[in-house]
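Welcome to this structure! Here are some notes to read alongside the view, taken point by point.

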Amino acid sequence: MSGERAHGLYNRRARRLAPRHAPGDAINAADPGLSRAAVTRASALAEELRHECGVLLELYTNRESFTADMADSRLVSVPPPSSLLDARDELWRLQSALLQCRSLLDSAVALEEEELGGGKEGDYVIYRKIVKDTLSRLLIATEELLRAAGGAALPTPGAEGLKYDGSAGLFQLKLWVYRIFKELEYWTKTAITTLQALPSVSAKKRGSGAQGRRARRVRQ
């Protein structure tokens with residue numbers, strides 16, 4: 001992909017992924033249910049980010065000649081998944097993980113610019129920007145959902161515990177950046193699974209309507 005085509009892709013996606021709220025789509029703070037439109041928007045952003053992370057990883061591994069999956073452990077720290085978590089807790093866990101991913105991504109960009117030099121703005125740098133922009137939009141969407149589920153917005157986590165040891169050498173630096181991209185890919189896939197499993201207002205209303213109709217038939 002040429003740099004010009006990548007620039008065009010970046011601009012088109014930025015316009016297409018800008019938050020849009022149709023009349024009636026707003027989440028009512030008095031009703032803790034989740035808007036189906038809001039869940040759908042967030043799911044679409046997560047799907048888009050998953051694809052973009054795949055492209056970014058491919059560009060990076062080709063550039064650095066990595067031939068195997070060398071991400072050996074999780075970088076993000078959140079409570080483990082559980083079937084006992086409700087929608088609010090699931091969204092809190094996801095939002096926390098994505099915020100940590102953004103801090104890690106900012107760290108990766110800073111490290112590459114400081115230690116490796118910015119370099120020319122080719123496909124890799126452009127896709128890195130695309131991924132960062134889409135992640136920011138996904139965070140806005142998941143924060144909306146978290147608030148609608150009755151949760152409070154989370155502060156952006158600090159970089160403590162997520163920093164790279166600058167004395168480790170060039171290869172370890174490149175491996176650290178790779179692990180960050182893999183971590184983001186993992187949590188993007190987790191976001192898709194989490195968001196698709198969320199109950200929406202529309203689904204709950206349909207269920208309530210069906211129950212009501214059955215109750216009326218029984219009374220008759």
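This is a predicted model: local features need pLDDT of at least 70, side-chain atom pairs count only at pLDDT 80 or more; totals for chains, interfaces and linings use all residues.

1. The axes of α2 and α5 come within 9 Å, with a crossing angle of roughly 155°. Because an angle over 145 degrees counts as roughly antiparallel, α2 is described as roughly antiparallel to α5. Sorted by class, the residues in the contact of α2 with α5 are 15 nonpolar, 5 polar and 7 charged.

2. Next, look at α2 from the side of another partner. The handedness is left-handed where α2 passes α4. In the contact of α2 with α4 you will find 19 nonpolar residues, 1 polar residue and 8 charged residues.

3. Now step back to the whole chain. How many helices and strands does the secondary structure of the chain come to? There are 6 helices and 0 strands. Read from the N terminus on, the order of elements is α-α-α-α-α-α. The chain has 220 residues, and buried residues make up 40% of them.

4. In soluble globular proteins, nonpolar side chains tend to be buried together. In this model, the largest nonpolar core holds 52 residues. Which residues have the most contacts inside this core? They are Leu-34, Leu-91, Leu-145, Phe-181, Leu-184 and Leu-195. Two or more residues come from each of α2, α3 (87–116), α4 and α5 (170–196). Helix α4 gives the most to the core, with 13 residues.

5. Where is it? Asp-86 sits in the loop between α2 and α3. Its relative accessibility is 37%, so Asp-86 counts as partly exposed. The side chain of Asp-86 reaches two backbone nitrogens: that of Asp-89 at 2.8 Å, and that of Arg-88, which lies 3.3 Å from a polar atom of the Asp-86 side chain. Across the fold, the C-alpha atoms of Asp-86 and Leu-198 are separated by 9.2 Å, although these residues are 112 apart along the chain.

6. Finally, please look at Glu-90, which is found in helix α3. Is Glu-90 buried or partly exposed? With 21% relative accessibility, Glu-90 counts as partly exposed, because buried means under 20%. Glu-90 and Ala-191 are 101 residues apart along the chain, while their C-alpha atoms are separated by 9.8 Å.

Technical notes: Residues are numbered from 1 along each chain as its sequence is written. Side-chain values use heavy atoms; hydrogens and water are left out. A crossing is left-handed if the near helix is turned anticlockwise from the far one by less than a right angle, and right-handed if clockwise. Helices (H or I, at least four residues) and strands (E, at least two) are DSSP runs, numbered from the N terminus. Ala, Val, Leu, Ile, Met, Phe, Trp, Tyr, Cys and Pro count as nonpolar, Asp, Glu, Lys and Arg as charged, and the others, Gly among them, as polar. A nonpolar core is a set of buried Ala, Val, Leu, Ile, Met, Phe, Trp, Tyr and Cys residues joined through side-chain atoms within 4.5 Å. Buried means under 20% relative accessible area, exposed over 50%, partly exposed in between (1.4 Å probe, protein chains only). A polar contact is a pair of N or O atoms within 3.5 Å; within protein, one must be able to donate a hydrogen and the other to accept it, and residues adjacent in sequence count only if both atoms are side-chain atoms. Axes are lines fitted to C-alpha atoms, for helices over the stretch in contact, and angles run from 0 to 180 degrees between N-to-C directions. Angles under 35 degrees count as roughly parallel, over 145 as roughly antiparallel, 65 to 115 as roughly perpendicular and the rest as oblique.
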